[in-house]
Amino acid sequence: MKRIIDAARSLAQTRGSFYLYDEDSVFRHIRLLKTAFPLAQFLYSVKCNSNPHVIRSVCSQGLGADAASLSEVMAARDAGLRRDQIYYSAPGKTPDHIRQAILKSILIADSTGELLQIQAAAEEAGETVCAGIRINPDFSFGGGPGVPSKFGIDEDQAYRFLAEHPLKNVRICGIHVHLKSQELRSDVLAEYYRNMFRLAETFERTTGFSLKFLNLGSGIGIPYSPDDRPLDLEALGKTAADLFSGFRASHPDTKLLIETGRFAVGKSGFYITRVLDRKVSRGKTYLILENTMNGFFRPVLANLICRYSSDPSPEGCEPLFTCRDECEIIPLKEEGPSERVTLAGNLCTAADVIAEDILLPHLEPGDLIAVTNAGSYASVLTPFQFSSQQKPEEFFLTADGKILS
(Lines give C-alpha, C1' and ligand atoms only; values in the text may rest on other atoms or scores of the structure.)
Protein backbone atom coordinates (compact mmCIF):
# COMPACT_ATOMS: atom_id res chain seq x y z
CA MET A 1 0.00 0.00 0.00
CA LYS A 2 2.93 2.36 0.65
CA ARG A 3 3.90 2.42 -3.04
CA ILE A 4 0.32 3.36 -3.93
CA ILE A 5 0.21 6.16 -1.36
CA ASP A 6 3.59 7.52 -2.43
CA ALA A 7 2.59 7.47 -6.11
CA ALA A 8 -0.78 9.07 -5.34
CA ARG A 9 0.77 11.89 -3.36
CA SER A 10 3.32 12.52 -6.11
CA LEU A 11 0.64 12.68 -8.81
CA ALA A 12 -1.67 14.83 -6.70
CA GLN A 13 0.87 17.64 -6.66
CA THR A 14 -0.01 18.48 -10.26
CA ARG A 15 -3.23 16.55 -10.99
CA GLY A 16 -6.87 16.63 -10.00
CA SER A 17 -8.82 13.46 -9.29
CA PHE A 18 -7.48 10.30 -10.94
CA TYR A 19 -7.41 6.51 -11.06
CA LEU A 20 -4.25 4.63 -10.15
CA TYR A 21 -3.76 0.97 -11.14
CA ASP A 22 -1.10 -1.22 -9.53
CA GLU A 23 0.62 -3.78 -11.77
CA ASP A 24 1.99 -5.70 -8.76
CA SER A 25 -1.57 -6.41 -7.66
CA VAL A 26 -2.61 -7.45 -11.17
CA PHE A 27 0.26 -9.95 -11.39
CA ARG A 28 -0.45 -11.30 -7.89
CA HIS A 29 -4.13 -12.02 -8.65
CA ILE A 30 -3.30 -13.67 -11.96
CA ARG A 31 -0.82 -15.95 -10.18
CA LEU A 32 -3.57 -16.96 -7.74
CA LEU A 33 -5.84 -17.97 -10.61
CA LYS A 34 -3.13 -19.92 -12.40
CA THR A 35 -2.19 -21.75 -9.21
CA ALA A 36 -5.80 -22.70 -8.48
CA PHE A 37 -6.60 -23.81 -12.06
CA PRO A 38 -3.46 -25.23 -13.72
CA LEU A 39 -5.52 -27.06 -16.36
CA ALA A 40 -7.44 -23.96 -17.48
CA GLN A 41 -6.61 -21.04 -19.73
CA PHE A 42 -7.79 -17.57 -18.80
CA LEU A 43 -9.47 -14.78 -20.71
CA TYR A 44 -9.24 -11.21 -19.46
CA SER A 45 -12.69 -9.60 -19.31
CA VAL A 46 -11.78 -6.38 -21.11
CA LYS A 47 -15.05 -4.69 -20.16
CA CYS A 48 -13.88 -4.59 -16.52
CA ASN A 49 -11.08 -2.15 -17.30
CA SER A 50 -10.13 -1.18 -20.85
CA ASN A 51 -7.12 0.96 -19.96
CA PRO A 52 -4.46 0.04 -22.57
CA HIS A 53 -1.70 -0.35 -19.96
CA VAL A 54 -3.89 -2.73 -17.95
CA ILE A 55 -4.77 -4.78 -21.04
CA ARG A 56 -1.13 -5.08 -22.11
CA SER A 57 -0.04 -5.99 -18.58
CA VAL A 58 -2.64 -8.75 -18.27
CA CYS A 59 -1.93 -10.11 -21.75
CA SER A 60 1.80 -10.19 -20.97
CA GLN A 61 0.96 -12.95 -18.49
CA GLY A 62 -0.35 -15.25 -21.21
CA LEU A 63 -4.06 -14.44 -20.93
CA GLY A 64 -6.40 -14.17 -23.89
CA ALA A 65 -9.31 -11.73 -24.12
CA ASP A 66 -13.04 -11.89 -23.60
CA ALA A 67 -14.22 -8.98 -25.76
CA ALA A 68 -17.70 -7.47 -25.49
CA SER A 69 -17.45 -5.13 -28.49
CA LEU A 70 -15.54 -4.61 -31.72
CA SER A 71 -13.52 -1.89 -29.97
CA GLU A 72 -12.44 -4.42 -27.33
CA VAL A 73 -11.46 -6.85 -30.08
CA MET A 74 -9.23 -4.16 -31.56
CA ALA A 75 -7.81 -3.25 -28.13
CA ALA A 76 -6.87 -6.89 -27.59
CA ARG A 77 -5.17 -7.00 -30.99
CA ASP A 78 -3.30 -3.80 -30.13
CA ALA A 79 -2.03 -5.62 -27.02
CA GLY A 80 -0.50 -8.28 -29.27
CA LEU A 81 -3.11 -11.06 -29.12
CA ARG A 82 -3.79 -13.36 -32.07
CA ARG A 83 -7.16 -14.09 -33.58
CA ASP A 84 -7.43 -17.41 -31.76
CA GLN A 85 -6.83 -15.70 -28.38
CA ILE A 86 -9.73 -13.22 -28.70
CA TYR A 87 -13.32 -14.35 -28.07
CA TYR A 88 -15.96 -11.81 -29.10
CA SER A 89 -19.08 -12.49 -27.08
CA ALA A 90 -21.89 -9.96 -26.66
CA PRO A 91 -25.56 -9.72 -27.56
CA GLY A 92 -26.67 -7.48 -30.41
CA LYS A 93 -23.58 -7.47 -32.62
CA THR A 94 -24.24 -5.47 -35.77
CA PRO A 95 -23.72 -7.11 -39.19
CA ASP A 96 -20.92 -4.63 -39.87
CA HIS A 97 -19.13 -5.49 -36.64
CA ILE A 98 -19.46 -9.19 -37.40
CA ARG A 99 -17.90 -8.64 -40.83
CA GLN A 100 -15.03 -6.64 -39.33
CA ALA A 101 -14.39 -9.08 -36.48
CA ILE A 102 -14.81 -12.40 -38.29
CA LEU A 103 -11.14 -12.68 -39.29
CA LYS A 104 -9.82 -10.94 -36.17
CA SER A 105 -11.43 -13.01 -33.39
CA ILE A 106 -13.44 -16.09 -32.51
CA LEU A 107 -17.05 -14.95 -32.76
CA ILE A 108 -19.50 -16.27 -30.16
CA ALA A 109 -23.05 -16.19 -31.50
CA ASP A 110 -25.52 -14.90 -28.93
CA SER A 111 -28.64 -15.84 -30.92
CA THR A 112 -29.76 -17.98 -33.85
CA GLY A 113 -29.99 -14.78 -35.87
CA GLU A 114 -26.32 -14.07 -35.18
CA LEU A 115 -25.41 -17.57 -36.35
CA LEU A 116 -27.01 -16.77 -39.69
CA GLN A 117 -25.21 -13.41 -39.82
CA ILE A 118 -21.87 -15.12 -39.12
CA GLN A 119 -22.62 -17.61 -41.89
CA ALA A 120 -23.39 -14.73 -44.30
CA ALA A 121 -20.22 -12.83 -43.34
CA ALA A 122 -18.05 -15.96 -43.69
CA GLU A 123 -19.55 -16.74 -47.09
CA GLU A 124 -18.97 -13.15 -48.21
CA ALA A 125 -15.33 -13.39 -47.08
CA GLY A 126 -14.90 -16.73 -48.84
CA GLU A 127 -13.81 -18.36 -45.57
CA THR A 128 -14.85 -21.25 -43.38
CA VAL A 129 -14.60 -19.97 -39.82
CA CYS A 130 -14.57 -21.47 -36.36
CA ALA A 131 -17.28 -19.94 -34.18
CA GLY A 132 -18.82 -20.62 -30.80
CA ILE A 133 -22.30 -20.21 -29.47
CA ARG A 134 -23.45 -18.91 -26.14
CA ILE A 135 -25.86 -21.33 -24.50
CA ASN A 136 -28.57 -20.49 -22.00
CA PRO A 137 -28.54 -23.93 -20.36
CA ASP A 138 -31.32 -25.99 -18.86
CA PHE A 139 -29.79 -25.37 -15.41
CA SER A 140 -29.31 -22.17 -13.43
CA PHE A 141 -26.13 -21.10 -11.66
CA GLY A 142 -27.38 -22.41 -8.33
CA GLY A 143 -28.34 -25.75 -9.83
CA GLY A 144 -32.09 -25.22 -10.36
CA PRO A 145 -33.90 -25.24 -13.71
CA GLY A 146 -32.91 -22.83 -16.47
CA VAL A 147 -34.49 -19.38 -16.58
CA PRO A 148 -35.25 -16.88 -19.38
CA SER A 149 -32.32 -14.63 -20.29
CA LYS A 150 -31.34 -11.90 -22.74
CA PHE A 151 -28.05 -13.77 -23.13
CA GLY A 152 -27.44 -16.80 -25.32
CA ILE A 153 -29.61 -19.42 -27.04
CA ASP A 154 -31.81 -21.70 -24.96
CA GLU A 155 -30.21 -25.13 -24.89
CA ASP A 156 -33.06 -27.05 -26.56
CA GLN A 157 -33.50 -24.27 -29.13
CA ALA A 158 -29.80 -24.49 -30.02
CA TYR A 159 -30.05 -28.23 -30.65
CA ARG A 160 -33.10 -27.81 -32.91
CA PHE A 161 -31.60 -24.92 -34.85
CA LEU A 162 -28.28 -26.65 -35.52
CA ALA A 163 -30.11 -29.79 -36.70
CA GLU A 164 -32.33 -27.81 -39.08
CA HIS A 165 -29.84 -25.22 -40.38
CA PRO A 166 -26.56 -26.59 -41.73
CA LEU A 167 -24.02 -23.76 -41.76
CA LYS A 168 -21.80 -24.27 -44.79
CA ASN A 169 -19.12 -21.72 -43.83
CA VAL A 170 -19.24 -22.04 -40.04
CA ARG A 171 -17.80 -24.79 -37.85
CA ILE A 172 -19.25 -24.75 -34.34
CA CYS A 173 -16.09 -25.36 -32.35
CA GLY A 174 -17.03 -24.21 -28.85
CA ILE A 175 -19.71 -23.23 -26.38
CA HIS A 176 -19.82 -20.44 -23.84
CA VAL A 177 -21.98 -20.05 -20.74
CA HIS A 178 -21.96 -17.16 -18.30
CA LEU A 179 -24.76 -17.15 -15.72
CA LYS A 180 -23.51 -15.08 -12.79
CA SER A 181 -20.76 -12.77 -11.63
CA GLN A 182 -19.26 -12.15 -8.21
CA GLU A 183 -19.68 -15.55 -6.56
CA LEU A 184 -17.78 -16.11 -3.30
CA ARG A 185 -18.93 -19.66 -2.48
CA SER A 186 -16.50 -22.29 -3.70
CA ASP A 187 -19.03 -25.15 -3.46
CA VAL A 188 -21.50 -23.30 -5.70
CA LEU A 189 -18.81 -22.65 -8.31
CA ALA A 190 -17.67 -26.28 -8.19
CA GLU A 191 -21.22 -27.53 -8.81
CA TYR A 192 -21.56 -25.07 -11.68
CA TYR A 193 -18.39 -26.47 -13.29
CA ARG A 194 -19.76 -29.99 -12.84
CA ASN A 195 -22.94 -29.00 -14.67
CA MET A 196 -20.91 -27.33 -17.41
CA PHE A 197 -18.99 -30.53 -18.15
CA ARG A 198 -22.28 -32.44 -18.35
CA LEU A 199 -23.58 -29.79 -20.76
CA ALA A 200 -20.49 -30.12 -22.98
CA GLU A 201 -20.95 -33.89 -23.23
CA THR A 202 -24.67 -33.51 -23.99
CA PHE A 203 -23.92 -30.88 -26.64
CA GLU A 204 -21.39 -33.09 -28.43
CA ARG A 205 -23.63 -36.14 -28.23
CA THR A 206 -26.69 -34.26 -29.51
CA THR A 207 -25.11 -32.18 -32.27
CA GLY A 208 -22.17 -34.33 -33.37
CA PHE A 209 -19.78 -31.37 -33.09
CA SER A 210 -16.39 -31.80 -31.38
CA LEU A 211 -15.66 -28.94 -29.01
CA LYS A 212 -12.32 -27.21 -29.37
CA PHE A 213 -13.11 -24.97 -26.40
CA LEU A 214 -15.48 -24.82 -23.46
CA ASN A 215 -15.79 -21.35 -21.96
CA LEU A 216 -16.96 -21.72 -18.36
CA GLY A 217 -17.55 -17.98 -18.05
CA SER A 218 -16.70 -16.13 -14.89
CA GLY A 219 -18.40 -16.06 -11.51
CA ILE A 220 -15.19 -15.84 -9.47
CA GLY A 221 -15.76 -12.91 -7.14
CA ILE A 222 -13.74 -10.58 -4.95
CA PRO A 223 -14.64 -9.33 -1.46
CA TYR A 224 -16.10 -5.84 -1.39
CA SER A 225 -17.74 -5.35 2.00
CA PRO A 226 -15.80 -5.87 5.25
CA ASP A 227 -18.40 -8.58 5.95
CA ASP A 228 -17.54 -10.54 2.80
CA ARG A 229 -15.65 -13.80 3.25
CA PRO A 230 -13.13 -14.10 0.37
CA LEU A 231 -13.57 -16.99 -2.04
CA ASP A 232 -11.60 -20.03 -0.87
CA LEU A 233 -9.58 -20.46 -4.06
CA GLU A 234 -7.50 -23.25 -2.57
CA ALA A 235 -10.59 -25.35 -1.78
CA LEU A 236 -12.13 -24.57 -5.17
CA GLY A 237 -8.86 -25.47 -6.90
CA LYS A 238 -8.72 -28.87 -5.22
CA THR A 239 -12.27 -29.74 -6.26
CA ALA A 240 -11.76 -28.30 -9.74
CA ALA A 241 -8.60 -30.36 -10.23
CA ASP A 242 -10.59 -33.60 -10.13
CA LEU A 243 -13.39 -32.22 -12.32
CA PHE A 244 -11.07 -30.67 -14.89
CA SER A 245 -8.72 -33.65 -15.13
CA GLY A 246 -11.67 -36.03 -15.51
CA PHE A 247 -13.06 -34.00 -18.40
CA ARG A 248 -9.64 -33.56 -20.01
CA ALA A 249 -9.08 -37.32 -19.93
CA SER A 250 -12.00 -37.82 -22.34
CA HIS A 251 -11.58 -34.47 -24.13
CA PRO A 252 -7.80 -33.92 -24.49
CA ASP A 253 -8.21 -31.46 -27.37
CA THR A 254 -10.80 -29.20 -25.69
CA LYS A 255 -9.45 -25.98 -24.19
CA LEU A 256 -11.01 -25.11 -20.83
CA LEU A 257 -11.47 -21.36 -20.62
CA ILE A 258 -12.30 -19.25 -17.57
CA GLU A 259 -12.98 -15.53 -17.79
CA THR A 260 -11.22 -13.57 -15.08
CA GLY A 261 -14.16 -11.23 -14.51
CA ARG A 262 -13.07 -8.60 -12.02
CA PHE A 263 -10.72 -10.94 -10.13
CA ALA A 264 -7.56 -10.03 -12.04
CA VAL A 265 -7.87 -6.25 -11.71
CA GLY A 266 -10.61 -5.29 -9.25
CA LYS A 267 -8.35 -4.93 -6.22
CA SER A 268 -5.59 -3.27 -8.24
CA GLY A 269 -7.31 0.09 -8.66
CA PHE A 270 -7.66 3.13 -6.42
CA TYR A 271 -9.62 6.29 -7.08
CA ILE A 272 -7.91 9.38 -5.70
CA THR A 273 -9.86 12.56 -5.09
CA ARG A 274 -9.41 15.62 -2.93
CA VAL A 275 -11.44 17.76 -0.56
CA LEU A 276 -12.50 20.99 -2.29
CA ASP A 277 -14.54 22.52 0.51
CA ARG A 278 -16.03 21.81 3.91
CA LYS A 279 -19.24 23.19 5.32
CA VAL A 280 -21.55 22.68 8.25
CA SER A 281 -25.31 22.71 7.69
CA ARG A 282 -27.58 22.57 10.76
CA GLY A 283 -24.93 20.69 12.69
CA LYS A 284 -24.02 18.25 9.90
CA THR A 285 -20.51 18.41 8.38
CA TYR A 286 -20.11 18.00 4.64
CA LEU A 287 -16.85 17.50 2.79
CA ILE A 288 -17.22 18.48 -0.86
CA LEU A 289 -15.01 16.28 -3.03
CA GLU A 290 -13.80 16.65 -6.58
CA ASN A 291 -15.58 14.29 -9.01
CA THR A 292 -17.54 11.71 -7.04
CA MET A 293 -20.58 10.59 -9.04
CA ASN A 294 -18.84 11.79 -12.21
CA GLY A 295 -15.52 10.32 -11.11
CA PHE A 296 -16.33 6.91 -9.56
CA PHE A 297 -20.00 6.04 -9.92
CA ARG A 298 -20.33 2.68 -8.15
CA PRO A 299 -20.00 3.80 -4.49
CA VAL A 300 -22.37 6.71 -5.14
CA LEU A 301 -24.91 4.35 -6.69
CA ALA A 302 -24.52 1.93 -3.76
CA ASN A 303 -25.21 4.76 -1.32
CA LEU A 304 -28.27 5.81 -3.34
CA ILE A 305 -29.70 2.27 -3.57
CA CYS A 306 -29.24 1.61 0.14
CA ARG A 307 -30.78 4.97 1.05
CA TYR A 308 -34.02 4.19 -0.78
CA SER A 309 -34.26 0.43 -0.21
CA SER A 310 -36.11 -0.95 2.78
CA ASP A 311 -33.94 -4.08 2.58
CA PRO A 312 -30.89 -3.81 4.88
CA SER A 313 -28.89 -5.81 2.30
CA PRO A 314 -30.35 -5.18 -1.18
CA GLU A 315 -29.64 -7.84 -3.77
CA GLY A 316 -26.75 -6.98 -6.07
CA CYS A 317 -27.18 -6.06 -9.72
CA GLU A 318 -23.83 -6.58 -11.43
CA PRO A 319 -21.80 -4.80 -12.49
CA LEU A 320 -23.49 -1.63 -11.24
CA PHE A 321 -24.09 -2.61 -7.62
CA THR A 322 -22.69 -5.34 -5.39
CA CYS A 323 -23.43 -4.45 -1.78
CA ARG A 324 -23.55 -1.78 0.88
CA ASP A 325 -20.12 -0.47 1.95
CA GLU A 326 -18.49 -1.84 -1.20
CA CYS A 327 -15.52 0.55 -1.07
CA GLU A 328 -13.18 1.58 1.72
CA ILE A 329 -12.51 5.30 2.18
CA ILE A 330 -8.84 5.90 3.07
CA PRO A 331 -7.68 9.44 3.98
CA LEU A 332 -4.12 10.01 2.79
CA LYS A 333 -3.01 12.04 5.78
CA GLU A 334 -1.66 11.43 9.24
CA GLU A 335 -4.30 10.46 11.75
CA GLY A 336 -5.76 13.35 13.71
CA PRO A 337 -8.92 14.19 15.67
CA SER A 338 -11.91 12.26 14.30
CA GLU A 339 -15.20 13.70 13.17
CA ARG A 340 -18.39 12.37 11.61
CA VAL A 341 -18.82 13.63 8.05
CA THR A 342 -20.77 13.13 4.82
CA LEU A 343 -18.71 12.96 1.63
CA ALA A 344 -20.49 14.67 -1.23
CA GLY A 345 -19.45 15.66 -4.72
CA ASN A 346 -19.43 18.88 -6.70
CA LEU A 347 -22.33 18.06 -9.03
CA CYS A 348 -25.65 19.90 -8.89
CA THR A 349 -27.64 16.93 -7.61
CA ALA A 350 -28.40 15.75 -4.09
CA ALA A 351 -27.65 12.19 -5.24
CA ASP A 352 -23.94 12.99 -5.51
CA VAL A 353 -22.97 11.48 -2.14
CA ILE A 354 -20.28 8.84 -1.77
CA ALA A 355 -20.69 8.11 1.97
CA GLU A 356 -22.92 9.41 4.76
CA ASP A 357 -22.13 10.02 8.42
CA ILE A 358 -18.82 8.16 8.51
CA LEU A 359 -15.99 8.69 10.97
CA LEU A 360 -12.80 10.16 9.45
CA PRO A 361 -9.83 12.20 10.64
CA HIS A 362 -10.41 15.95 10.37
CA LEU A 363 -9.89 16.89 6.70
CA GLU A 364 -9.38 20.29 5.13
CA PRO A 365 -9.52 21.49 1.50
CA GLY A 366 -6.61 19.97 -0.41
CA ASP A 367 -6.48 16.76 1.64
CA LEU A 368 -6.60 13.54 -0.38
CA ILE A 369 -8.89 10.53 -0.14
CA ALA A 370 -8.36 7.11 -1.76
CA VAL A 371 -11.33 4.88 -2.62
CA THR A 372 -10.63 1.16 -3.00
CA ASN A 373 -11.98 -1.50 -5.38
CA ALA A 374 -11.59 0.84 -8.34
CA GLY A 375 -9.76 -1.54 -10.65
CA SER A 376 -12.85 -2.94 -12.39
CA TYR A 377 -16.22 -1.51 -13.41
CA ALA A 378 -15.11 1.90 -12.20
CA SER A 379 -13.88 4.31 -14.85
CA VAL A 380 -15.68 2.31 -17.55
CA LEU A 381 -19.10 2.76 -15.86
CA THR A 382 -18.88 6.37 -14.72
CA PRO A 383 -20.97 9.17 -16.38
CA PHE A 384 -18.16 11.64 -16.99
CA GLN A 385 -20.33 13.97 -19.10
CA PHE A 386 -22.50 15.19 -16.22
CA SER A 387 -22.04 18.93 -15.69
CA SER A 388 -19.16 19.05 -18.20
CA GLN A 389 -16.60 18.57 -15.44
CA GLN A 390 -13.03 17.58 -16.22
CA LYS A 391 -12.69 13.81 -16.63
CA PRO A 392 -10.41 12.08 -14.09
CA GLU A 393 -7.15 10.81 -15.57
CA GLU A 394 -5.90 7.23 -15.36
CA PHE A 395 -2.37 6.23 -14.32
CA PHE A 396 -0.61 2.87 -14.20
CA LEU A 397 2.04 2.04 -11.62
CA THR A 398 4.32 -0.60 -13.15
CA ALA A 399 5.87 -3.44 -11.19
CA ASP A 400 9.23 -1.66 -11.35
CA GLY A 401 7.82 1.63 -10.02
CA LYS A 402 7.25 3.71 -13.17
CA ILE A 403 4.07 5.77 -13.45
CA LEU A 404 2.51 5.64 -16.92
CA SER A 405 -0.28 7.95 -18.08
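Where does Lys 47 lie? Select it first: Lys 47 sits in the loop between strand 2 (41-45) and helix 3 (52-59). The model on screen is predicted.

**Stop 1: Lys 47**

The UniProt record, an unreviewed entry, annotates Lys 47 as "modified residue: N6-(pyridoxal phosphate)lysine". Colour by accessibility and Lys 47 comes out as partly exposed, because its relative accessibility is 33%, between the 20% and 50% cut-offs. Now show its contacts, leaving out neighbours within four places in sequence: Asp 66, Ala 68, Glu 72, Tyr 377 and Val 380.

**Stop 2: Tyr 377**

Tyr 377 belongs to the loop between strand 16 (368-371) and strand 17 (393-397). Is Tyr 377 buried or exposed? Tyr 377 counts as buried, at 9% relative accessibility. Check its backbone as well: phi of Tyr 377 is near 50°, a positive value in a residue other than glycine. Most residues other than glycine have a negative phi.

**Stop 3: the loop between helix 10 and strand 13**

Go to the loop between helix 10 (297-308) and strand 13 (329-331), where Pro 319 is found. The peptide bond from Glu 318 to Pro 319 is cis, with omega near 0°. Most peptide bonds are trans. Asp 325 also lies in the loop between helix 10 and strand 13. Its phi is positive, about 55°, although Asp 325 is not a glycine. With a relative accessible area of 52%, Asp 325 is exposed.

**Stop 4: the annotated ranges**

Select residues 18-375, which the unreviewed UniProt entry lists as "domain: Orn/DAP/Arg decarboxylase 2 C-terminal". Over this range the chain is 32% helix and 25% strand. The C-alpha atoms at the ends of residues 18-375 are 12 Å apart.

Then select residues 24-265, given in the unreviewed UniProt entry as "domain: Orn/DAP/Arg decarboxylase 2 N-terminal". Here the chain is 42% helix and 17% strand, and the end C-alpha atoms are 10 Å apart.

**Stop 5: Ser 25**

Ser 25 lies in helix 2 (residues 23-36). At 3% relative accessibility, Ser 25 counts as buried. Which residues is Ser 25 in contact with, leaving aside its neighbours within four places in sequence? They are Ala 264, Lys 267 and Ser 268.

**Stop 6: Ser 140**

Move to the loop between strand 6 (129-136) and strand 7 (153-154) and pick Ser 140. Ser 140 has a relative accessible area of 19% and is buried, because the cut-off for buried is under 20%. Apart from neighbours within four places in sequence, Ser 140 is in contact with Pro 145, Gly 146 and Leu 179.

**Stop 7: helix 7 against helix 8**

Select helix 7 (residues 155-164) together with helix 8 (residues 186-207); their axes come within 10 Å and cross at roughly 25°. That angle makes helix 7 roughly parallel to helix 8. The crossing of the two helices is right-handed. To see the contact, show Glu 155, Tyr 159 and Leu 162 in helix 7 with Leu 199, Thr 202, Phe 203, Thr 206 and Thr 207 in helix 8. These residues divide into 4 nonpolar, 3 polar and 1 charged.

**Stop 8: helix 8 against helix 9**

From helix 8, the residues in the contact include Leu 189, Tyr 193 and Phe 197. Among those on the helix 9 side are Leu 236, Leu 243 and Phe 247. How do the residues of the contact of helix 8 with helix 9 divide? There are 10 nonpolar, 3 polar and 2 charged.

**Stop 9: Arg 185**

Finish in the loop between strand 8 (170-176) and helix 8, at Arg 185. Arg 185 counts as partly exposed, at 45% relative accessibility. Not counting residues up to four places away in sequence, Arg 185 touches Lys 180 and Leu 231. For a distance across the model, pick the C-alpha atoms of Arg 185 and Ser 387: they are separated by 41 Å, and the two residues are 202 apart along the chain.

Methods: Residues numbered from 1 in each chain as written. Predicted model: local features only at pLDDT ≥ 70, side-chain atom pairs only at ≥ 80, totals over all residues. Heavy atoms only, no water. Axes fitted to C-alpha atoms, helices over the stretch in contact; angles between N-to-C directions. Helix = DSSP H or I, 4+ residues; strand = E, 2+ residues; numbered from the N terminus. Parallel < 35°, antiparallel > 145°, perpendicular 65-115°, else oblique. Left-handed = near helix turned anticlockwise from the far one by under 90°. Contact = heavy atoms within 4.5 Å. Nonpolar A, V, L, I, M, F, W, Y, C, P; charged D, E, K, R; others polar. UniProt positions renumbered as here; feature names shortened; annotations may be inferred. Buried < 20%, exposed > 50% of the residue type's maximum accessible area, 1.4 Å probe, protein only.
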